[in-house]
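Please open the structure in the viewer and keep the selection tool at hand.

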Amino acid sequence: MILVYFILLFFLQLSSNSVANENFENYVGCDMPKSDVDLVEFPLNLEYLEAEFFLWGSLGYGLDKFAPELADSGPPPIGAQIAKLSPLIKDVITQFGFQEVGHLRAIKDTITGFPRLLLNLSRESFATVMDDAIGHPLKPPFDAYANDINYLLASYVIPYVGLTGYVGANPKLQSSTAKRLVAGLLGVESGQDAVLRALLYERGREKVEPYGITVAEFTNRISKLRNKLGRHGIKDEGLNVKPKVGAEGRIRGNVLAGDKYSMAYDRTPKEILRIVYGSGKENKPGGFYPTGAEGAIAKSYLRHGD
């Protein structure tokens, strides 16, 4: 499994370097149609969330200390804290945190964007997600920051939603600037998700204490919850599936999620908001975004909500 881990990290590094090697600064700031600007702006909501969660979880501080210019005087996240992580997992999550800072820079060097928005990264916020996924309140409440397994499960909740958004946005983009940016972001986000899933897959049969529920079952329940909240069919799969649903309809193991062709699922901004708000409604903020997401697309749903 260690070999798989390093292979995935190698893939992640290649994806990250590819954007830099294309001399990113030569094409940022180019004119884009407003529709592209809006689609590139929307992921800032998730990139801020990931950056703060990974930085705080691994280092015990976030953008206000690491890159205050990117926070741009936005409100500090609620309840973020350092996690009790082993050296290996801390190293991986630190890398993720730094990568997310790079993503924020890439987007905000391309468009104006918006300051960091209010994020709820408290233990209670993640506990609510896990309670909803399992179907009843867990006792004691789930603590995302307590140990490796809990933190990896909490991390499982986040990057995959963002990568499905990039897959969904890609065919709608018109300019080469936006397409190259989203492709670069998608490459690393998918790599992060692959690393998280591989680390969890290795521990799939372990039980999450003190609940007596396996790691794999937790992922299955979280994925089912996201499908339910997204309200647009199956676009999410846990670490184990029925063999007929697995790759080529032949295998139960599901270290990477994909459709019947093993292609990545896509989601719209509307579906993503339903999930990250935890409400199943794109116009009802909550969850990780207590006052709602920012940007033209997210605000349009709040203005024209039911």
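**The whole chain**

Begin with the whole chain displayed. Of the contacts in the chain with a separation of 6 or more, 74% are between residues 24 or more positions apart. Please keep in mind that this is a predicted model. The chain has 13 helices and 2 strands. Of its 306 residues, 54% are buried.

**Two packed helices**

Select residues 123-134, which form helix α7, together with residues 215-230, which form helix α11. The axes of these two helices lie 8 Å apart, and the angle between them is about 90 degrees. Helix α7 is therefore roughly perpendicular to α11, since angles of 65 to 115 degrees are counted in that class.

Which residues in α7 and α11 meet? On the α7 side, select Val129, Met130, Asp132, Ala133 and Ile134; on the α11 side, select Phe218, Arg221, Ile222 and Leu225. Sorted by class, the residues of this contact comprise 7 nonpolar and 2 charged ones, with no polar residue.

Next, select Arg123 and Asp143. These two residues form a salt bridge, in which the closest N and O atoms are 3.8 Å apart. Arg123 is in helix α7, whereas Asp143 is in the loop between α7 and α8, so that the pair links parts of the chain 20 residues apart.

In the loop between α7 and α8, select Pro140. The peptide bond that leads from Lys139 to Pro140 is cis, and its omega is near -5 degrees.

**A serine in helix α8**

Move on to Ser155, which is located in helix α8. Its relative accessibility is 0%, and Ser155 therefore counts as buried. Which residues does Ser155 touch, when those up to four places away in sequence are not counted? They are Phe53, Phe54, Ile93 and Leu196. Displaying these side chains together with Ser155 shows the surroundings of the serine.

**The loop between the strands**

Select β1, residues 207-208, and β2, residues 213-214; Pro210 lies in the loop between them. Here a cis peptide bond joins Glu209 and Pro210, with omega at about 5 degrees.

The next selection is Lys235 and Glu271. They form a salt bridge with the closest N and O atoms 3.1 Å apart. Lys235 is placed in the loop between α11 and α12, while Glu271 is in helix α12; the two residues are 36 positions apart, and the pair links distant parts of the chain. Both Lys235 and Glu271 are buried.

Stay with Glu271 for a moment. Its relative accessible area is 3%, so Glu271 falls under the 20% limit for buried residues. The side chains of Glu271 and Lys235 also make a polar contact, at 3.1 Å. When neighbours within four places in sequence are left aside, Glu271 is in contact with Gly230, His232, Lys235 and Asp266.

**A further salt bridge and a network**

Now select Glu282 and Arg274. Their salt bridge has its closest N and O atoms 2.9 Å apart. Glu282 is buried, with a relative accessible area of 14%. Arg274 counts as buried as well, because its relative accessibility is 8%.

Elsewhere, select Glu52, Asp64 and Arg116. Salt bridges that share partners join these three residues into one network. How many salt bridges does the structure hold? It holds 13.

**Two residues with positive phi**

Select Asp72 in the loop between α5, residues 68-71, and α6, residues 87-110. Asp72 is not a glycine, yet its phi is positive, near 55 degrees. Because its relative accessibility is 39%, Asp72 counts as partly exposed.

Finally, select Ser262 in the loop between α11 and α12. Ser262 is likewise not a glycine and has a positive phi, of about 60 degrees. With a relative accessible area of 48%, Ser262 is partly exposed.

Conventions:
Residues are numbered from 1 along each chain as its sequence is written. This is a predicted model: local features need pLDDT of at least 70, side-chain atom pairs count only at pLDDT 80 or more; totals for chains, interfaces and linings use all residues. Side-chain values use heavy atoms; hydrogens and water are left out. Axes are lines fitted to C-alpha atoms, for helices over the stretch in contact, and angles run from 0 to 180 degrees between N-to-C directions. Helices (H or I, at least four residues) and strands (E, at least two) are DSSP runs, numbered from the N terminus. Angles under 35 degrees count as roughly parallel, over 145 as roughly antiparallel, 65 to 115 as roughly perpendicular and the rest as oblique. Contact means heavy atoms within 4.5 Å. Ala, Val, Leu, Ile, Met, Phe, Trp, Tyr, Cys and Pro count as nonpolar, Asp, Glu, Lys and Arg as charged, and the others, Gly among them, as polar. A salt bridge is a side-chain nitrogen of Lys or Arg within 4 Å of a carboxyl oxygen of Asp or Glu. Buried means under 20% relative accessible area, exposed over 50%, partly exposed in between (1.4 Å probe, protein chains only). A polar contact is a pair of N or O atoms within 3.5 Å; within protein, one must be able to donate a hydrogen and the other to accept it, and residues adjacent in sequence count only if both atoms are side-chain atoms.
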